[in-house]
Structure formats: C-alpha cells, structure tokens
2 protein chains.
Amino acid sequence: MLPRGFQDLLPERAARLRHVETQLLAVFARWGFHPVVPPSLEYLDVLTAAGGRGLQAQMFKFADPLGGQLLAVRPDFTPQVARIAATRLREWPKPLRLCYAGPVVRDVEVHAARPREIFQAGCELIGLELPEADAEMIAIVLEALRGLGLQGFTIDIGQVEFLRGAFEELPLPPDARRLAEQAVMKKDRSALEELAATLDLTRAQRALLVSLPGLYGGPEVLDRARQLAGNPRSRAAVDNLEQVVRILEIYGLEGALTLDLGELRGFDYYTGIIFEGFVSGAGAALCGGGRYDRLLERYGPPSPATGFALDLERLLDALERQGALQPFAGSDVLIINLRPGKEEALSLARQLRAQGFAVARDIIKRSVQESIEYAARWRIPRVLVLGLEGVPEDEVVLFHTGEQGQRRVRLADIFREAEAWRRSGGGEGRWPTSS
Amino acid sequence: MLPRGFQDLLPERAARLRHVETQLLAVFARWGFHPVVPPSLEYLDVLTAAGGRGLQAQMFKFADPLGGQLLAVRPDFTPQVARIAATRLREWPKPLRLCYAGPVVRDVEVHAARPREIFQAGCELIGLELPEADAEMIAIVLEALRGLGLQGFTIDIGQVEFLRGAFEELPLPPDARRLAEQAVMKKDRSALEELAATLDLTRAQRALLVSLPGLYGGPEVLDRARQLAGNPRSRAAVDNLEQVVRILEIYGLEGALTLDLGELRGFDYYTGIIFEGFVSGAGAALCGGGRYDRLLERYGPPSPATGFALDLERLLDALERQGALQPFAGSDVLIINLRPGKEEALSLARQLRAQGFAVARDIIKRSVQESIEYAARWRIPRVLVLGLEGVPEDEVVLFHTGEQGQRRVRLADIFREAEAWRRSGGGEGRWPTSS
C-alpha cells in the first residue's frame with residue numbers, strides 16, 4: 001500500500017528514531033546550537049538555487065494549487081537553513097549556530113531497498129570561515145555518535161579544492177577530464193594510468209593524475225599531496241585540511257580520521273572541507289557534511305558556512321548491528337478494573353502517571369489471563385488487577401508478565417512498590433517520559 | 001521567498017514547538033501510547049479512501065516520478081495510522097495505543113494568514129468501542145494542556161449520530177436538508193424557523209428542527225435532546241454521550257465540558273463522539289478528535305477506533321497570550337579563548353558539556369566587548385574569557401551579560417561555580433539538554 005522507497009516506522013523503530021533524535025538535539029544544544037523548523041514545501045526555484053543537478057533531478061515537484069508556481073517537498077535541509085540565515089536572520093550577529101531534525105524526500109532509484117524518505121538531524125554553523133568551525137562540526141558528530149554508544153566509527157575528511165586545483169593544473173581535454181573524475185571517484189588507478197598513456201603530460205602531471213586515488217590514509221597524505229600538486233589552489237586546500245586535522249588532534253579525535261584528498265562526493269555546493277562518516281560493516285555513509293561558503297549569497301548577503309547531517313535510520317541500523325539498542329519497553333503497568341465503580345482504578349492510574357510512570361488501562365472485556373498475554377505482547381512487565389474475587393477491598397493483585405504466580409499488594413503500598421519499577425528502567429522502546 | 005501559508009520557525013518559536021511536542025509525547029507515553037512514524041508521502045488513493053471531499057480537495061498531489069501513480073503529501077495523520085493499524089499491526093492484540101507528531105499540509109484558502117502547514121501531535125486508540133475509550137482521549141487532552149500550563153480550556157463534545165438520526169426523522173427534501181444543515185452549523189435559529197414555515201412538519205418535528213442549534217450547554221442538554229428526538233439513532237447517541245460525560249465526571253473533568261448536540265464539524269470519517277478544544281480569546285479550535293469506527297475497514301479488518309490531534313502552533317499562541325511560555329534561553333555560557341593554545345579552552349568546554357551545560361565557543365576574531373554584545377543578543381547569560389592580559393594562567397574572567405563588571409575565577413573553581421548556573425535554569429528557549 002506504500003509507494004516504493006517509503007515505509008511506516010512501527011512502535012519499536014519509531015520510538016528508537018525519536019530517542020536518537022532527542023539525544024542528538026540535546027548534544028547539539030550543548031554545543032550552543034538552536035533549532036529552526038523550515039517548511040515541508042518550498043518554491044522549487046529556491047531549492048534549485050542551491051545548485052546541484054543531482055538533487056534537482058531527485059525532487060518531488062508540483063504546481064502550487066494557489067498561484068501555480070512550482071513547489072517541491074524538502075530534499076535537503078541545508079539550502080533551507082541557508083535561506084533562513086540569509087534572510088530572516090541576516091541581522092542577527094554571527095556566528096549563527098542552527099540545527100534541525102526531520103524528514104527529507106528524494107526521488108532516488110530504489111534498487112536494493114534504498115529509501116526515498118530519509119530522517120535527518122544536523123547542524124549549520126554560519127558566519128565563520130576558520131578551520132575551527134569545520135573541526136567543531138566533526139567533533140560534534142563524533143561526540144554525538146559516541147554518546148549513543150556507536151563504536152568503530154570513522155570520518156573520511158577531504159577538501160574539494162584540492163581536486164579542483166589539480167584538474168586546473170592538469171591539461172586535460174573535457175572528455176578526458178570527465179573520465180579522470182570518474183576514475184578518481186572509483187579510486188581506479190589503472191583506469192587513470194591508461195588515460196595518462198593517451199595524453200601528452202609531463203612526468204609531474206602524470207604522477208599527480210595517477211596518484212589521486214591513493215591520496216587516502218593518515219596525516220602522511222598531506223605531505224604526499226604537497227609534493228604532487230604544485231598549484232596554489234591545491235596547496236591552500238592541503239594547508240586548510242591540515243589545520244582542521246591539527247584542531248581535531250587537540251580534541252583527541254585524530255584516531256577516528258581518515259584523510260581523503262581524492263574525494264569529490266557530496267553536494268555541489270561544497271567549497272572546502274568535506275566529510276563523511278562510516279562504521280565498519282556498512283558501506284553507506286551515516287553522515288555527511290562540509291563547508292559551503294557560496295550558498296548564502298544565493299539568498300542574501302554572502303557568508304561562509306559549514307555543517308553536517310546525520311542519517312538517523314542508517315545510524316539506528318548500525319546501533320542495532322552492534323547490539324547497542326535497548327529492547328523495546330512497553331508501559332510500566334497495565335491496570336485492570338473488575339470492580340463495579342471506576343473511581344479507584346482511574347485514581348490509581350492518575351497518581352502513578354503523576355509520578356512519571358507509563359500506565360495503560362485495560363478497558364476491554366476479557367479474562368485476566370488474556371490481559372496478561374496482551375501485556376506480554378506489548379512488553380508491559382506488570383499487570384495490576386483491582387476487584388479480583390476473594391481479594392479484600394484495600395488490596396490489589398500484581399502479576400509479573402512472563403512469570404508464574406501473583407502477589408497481593410495493599411493499595412496503600414503500591415507507590416512504595418512502584419519505586420522499584422523506576423529502578424528497573426524504561427528503555428528506549430517508548431517516548432522519553434521525563435519532561 | 002516562501003509559498004503563501006508556509007513559514008519558517010525561527011530559534012525561539014522552533015524551540016518552543018519542540019518543547020511542547022516533547023511534553024505532549026511524554027504525556028501520551030504515560031497513558032500507554034507508543035509512537036508510529038508514517039511516511040510524508042502516500043498514494044492519493046489510500047488517503048482518499050478515508051473519505052471526506054473537503055480534505056481531498058486540500059491535498060497537494062502529484063504523479064510519482066517512479067511509476068506515475070498519484071501521490072499526496074500527508075494532510076492528516078489519522079488515515080495513515082488507521083492504515084498501519086489495519087495492515088502492519090493487524091495481528092497485534094487490541095487495543096492499540098498509537099501516537100504521532102509532525103507536520104501535515106493542506107491547501108486551504110489562505111485568508112487571514114491561515115497556514116497551509118500545521119504541526120500536530122495526537123493519539124489513536126484502536127480496538128475499543130466502549131465510551132471509556134472516548135473519555136480517555138478527552139482526559140489525555142485535558143491533562144496534557146493543563147500540564148503545559150494552559151488555562152481556561154474547554155472541550156465542546158458532541159455525537160454525530162444525534163444529528164444524523166434527527167435528519168432521518170425529519171421529512172426534509174434534499175434542498176431543505178442542505179439549508180437546514182448549514183443553519184445548524186451556524187447555530188442560526190431564525191433561518192431554521194423560516195425554513196420550518198415553508199415545510200409540512202408536525203409540531204414535534206418543527207420543535208426538533210428549530211431547537212437543534214440550542215442543544216448546547218451543560219448536562220441538561222441531554223434531557224432536552226431526549227425530549228425532542230424520538231428516533232432510536234438519536235436516542236442511542238444521547239445515551240452514548242451521557243456515558244462519556246459520566247466517566248469524565250469520575251475523572252473530575254466535567255467543569256471543562258460543554259455539550260453540543262447540534263455539531264457536525266470535523267472529519268467525514270467520524271461516526272460517534274466528536275470533540276474540539278477551545279481556549280477563551282481564540283475562535284479556532286486547538287484540537288479536534290472523535291470516534292471513527294468505519295475507517296480501518298477501508299484498509300483491512302474492521303475495528304472501532306477513537307483519537308484526537310492537537311494543533312501545536314495554536315497551542316503555542318494560546319500559551320503565549322496567557323504568558324505561560326518561558327523566555328528564550330540561549331546557551332549557558334560563551335567561552336572566548338585569547339591564549340595562543342586551544343587546549344584549555346577546548347578542554348573546559350568539553351568538561352562543562354559533559355556536565356550537561358550548553359557551551360558555545362566564540363571562534364570569531366573580535367573584541368571581548370563585541371563578544372559580550374553577541375552573547376546578549378543570543379541570550380547567553382555568561383561569557384568566560386581565557387587569556388585576558390594581566391590575568392594569571394590559572395584564572396579566567398567571567399562576565400555576566402547585561403551587567404557591568406567582571407570577576408576573576410580560578411579555573412579549578414569553575415565547576416563549583418557552574419553548579420549555580422544549573423539552578424538558574426535553562427528555560428524553554430532551547431532543546432532539552434537532558435537525555
């Protein structure tokens with residue numbers, strides 16, 4: 001019943017998505033970031049102003065019934081936040097630290113169950129051109145993922161200006177350049193060697209071209225890149241990347257970094273540092289980010305900017321593979337009332353809720369045994385029954401789901417009893433119950 | 001730059017929206033509700049299966065680039081949750097307690113700044129036909145709104161079957177019936193009297209028709225309705241409404257109720273109890289809900305159901321008018337580093353964040369005075385400066401934004417100092433920083 005590439009998140013997955021989203025936004029807040037909520041739909045023109053043929057082709061677009069202008073469903077938060085920063089927030093003193101969370105939709109090819117709706121959370125740091133700003137983005141990502149318990153996470157960090165300078169330096173005809181770019185993207189050295197053999201290149205130019213896919217690894221990559229590329233644009237890119245890496249060393253995060261100067265991936269609006277995050281066991285990036293110093297000027301005054309977005313479902317998948325997710329947890333207790341009056345049951349439920357417990361009421365007519373089975377399926381660990389035959393007025397019967405037997409508890413002792421439930425924990429399977 | 005009826009939520013408003021959303025979802029969890037996340041886009045057919053010409057005309061629709069079937073952007077969560085309940089969750093034991101939060105878009109006429117994007121949060125209770133279920137919906141709404149500090153809130157509660165029975169009982173030609181329905185909606189008794197004069201009605205039928213707009217008020221409405229409408233359908237509706245009111249009396253909520261049997265508003269899929277919530281000073285409903293026992297069968301096995309949705313922006317507006325919102329709060333502290341090395345500043349920021357504080361770093365080059373002005377604009381109450389001239393290595397200088405003077409604090413004492421910040425509170429102006 002659903003269009004391909006779209007899905008429903010059922011209670012367990014939905015609760016985990018909310019949990020991860022809340023945790024991430026809390027980390028962003030601790031780094032001084034404030035939320036914005038851009039609209040779900042925008043003028044197509046505004047979104048395409050961000051550039052990028054790839055993303056333009058992926059937009060769900062249609063005419064506004066009111067006025068007929070073309071609209072699109074949000075495919076990416078960054079152009080929206082850039083627009084907000086360059087228009088509504090243009091008079092606010094810089095830097096702007098803005099964050100967001102929500103879905104984007106992209107009409108991608110849906111092979112291999114690739115989704116067309118992606119749940120993201122991200123940050124945009126606007127008004128700073130210093131490498132500290134890029135380093136801050138990467139530090140936030142790493143802190144956020146560690147905080148969620150994710151392990152074995154690495155960041156591939158590059159600088160788009162390096163390759164742009166290298167391709168300026170290399171005298172490649174347009175066709176050869178396109179082939180070369182594709183080979184670099186695929187890290188296909190032999191294709192580059194074949195290509196180089198067909199071209200009239202100096203020894204240094206040839207060395208640069210065939211080495212591009214290999215500019216990948218630890219800090220030694222920086223020196224090799226400097227030896228290979230003599231042009232100022234590439235040199236400046238290497239210097240900039242080095243500065244970012246130095247700051248991340250001060251953060252103590254260098255162990256999570258892989259440098260990659262043969263990288264062009266990401267959005268067309270990137271102008272400097274770019275990065276993607278990976279976890280072992282999955283090929284797809286869990287997050288992507290980079291510097292986009294020319295995006296705000298398409299909506300208002302120019303301003304440097306850098307940011308990132310995390311893919312929450314890939315993050316959940318990675319956490320699940322690592323066993324880092326708590327099992328689904330239902331409500332704390334199911335209350336069944338067999339007494340003729342409803343007062344006591346409602347009052348008990350209200351008092352338990354006031355103390356922060358999640359209380360479901362069983363207001364369906366069935367046997368106590370069936371209710372206990374219901375509780376088990378919904379992962380409700382306890383069932384409290386009022387009015388069971390033979391039980392005094394001032395007592396209730398407590399069943400533990402999945403265990404044999406039952407226990408009588410005086411109504412007056414329920415709240416002391418309930419304190420122990422709190423210690424047994426709620427888990428990630430439901431909304432955070434704290435405000 | 002935005003399509004009419006769409007808007008950006010800037011930091012203060014966005015943070016408040018998130019805050020209210022989180023609070024509401026926490027209340028829903030305490031009542032045993034679990035989140036689902038339906039997709040942003042659905043097949044138009046699936047959404048129109050829910051019926052309702054009004055909403056159908058309001059959908060943003062377009063062809064899926066993949067396959068060409070018509071899609072629409074979500075205009076309403078209830079049909080989506082009904083579909084999920086009737087398909088993916090059909091084998092789960094009932095009742096299902098499901099909740100959601102997110103935007104819906106509707107192509108409404110945008111006079112008087114009426115938005116075309118609405119942020120909602122709501123619950124659906126599926127599998128229960130008892131009046132207790134409807135009462136639970138209303139009790140949750142009232143508890144949630146009281147928890148947010150909203151005052152003077154009332155629920156208008158009706159039962160669509162009453163009017164349906166009344167119109168069956170009245171021998172009205174189609175044109176007259178349409179006029180009568182419109183007059184009832186507008187509570188226009190004189191239009192009904194004019195209409196009645198043109199029709200051949202018994203004395204009792206005439207009394208019923210002209211009294212419909214007046215069936216509004218306290219519990220006495222129930223008896224008047226019984227005297228006026230003799231048909232079994234209307235009688236059953238009155239009995240059902242009375243049962244719901246009785247249960248809400250046990251909850252102690254009868255003071256917030258207004259009965260309204262002359263009400264047809266709401267979605268076409270409603271089949272029983274309907275309600276809307278209002279706060280004095282605003283004409284528009286803050287929430288709406290009702291019973292929809294015939295919706296699930298359009299997607300799978302039939303099941304009774306009841307639910308509601310809150311409009312978060314109207315809720316924020318009402319809280320704002322009542323002065324119930326906390327002022328915007330920025331980060332707890334802005335750290336400025338004038339020392340040549342970055343280690344201490346980064347380390348201090350990290351340690352403060354680890355204790356839950358929101359710490360922004362000023363990594364722009366400007367004077368301390370300008371940074372303090374920046375902090376004031378972003379509601380950051382404190383500025384910590386490392387490396388001010390003449391200050392010993394083991395001390396920092398603390399400025400309080402908006403106050404004169406400064407104070408030297410030993411680095412070693414910062415964390416004790418910071419405990420006092422916690423007591424001064426964060427406010428609603430930023431993401432919740434607790435996990």
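Visitor: What makes E2, E4 and E3 of chain B a sheet?
Guide: In this predicted model, the three strands form an open sheet in the order E2-E4-E3, with antiparallel pairing. Strands are DSSP runs (E, at least two residues; helices are H or I, at least four), numbered from the N terminus. Two strands pair if DSSP finds at least two bridges between them. E2(B) and E4(B), residues 70–73, are joined by three bridges, so they meet that definition. One of the links has B:Tyr43 with B:Leu71 as its bridge partner.

Visitor: Why is one side of strand E2 and of strand E3 in chain B left without a neighbour in the sheet?
Guide: E2 (41–43) and E3 (61–63) of chain B stand at the edges, so each has a single partner strand.

Visitor: What makes helix H6 of chain B mostly covered?
Guide: Buried means under 20% relative accessible area, exposed over 50%, partly exposed in between (1.4 Å probe, protein chains only). Seven of the 10 residues of H6(B), 160–169, are buried, among them B:Phe162 and B:Leu163. Their cover includes helix H7 (174–185) and strand E10 (273–279) of chain B, counting contact as heavy atoms within 4.5 Å.

Visitor: And how are the numbers and letters assigned?
Guide: Residues are numbered from 1 along each chain as its sequence is written, while chains are lettered from A and ligands numbered from 1 in the order in which they are written. Local features need pLDDT of at least 70, side-chain atom pairs count only at pLDDT 80 or more, totals for chains, interfaces and linings use all residues, and side-chain values use heavy atoms, leaving out hydrogens and water.
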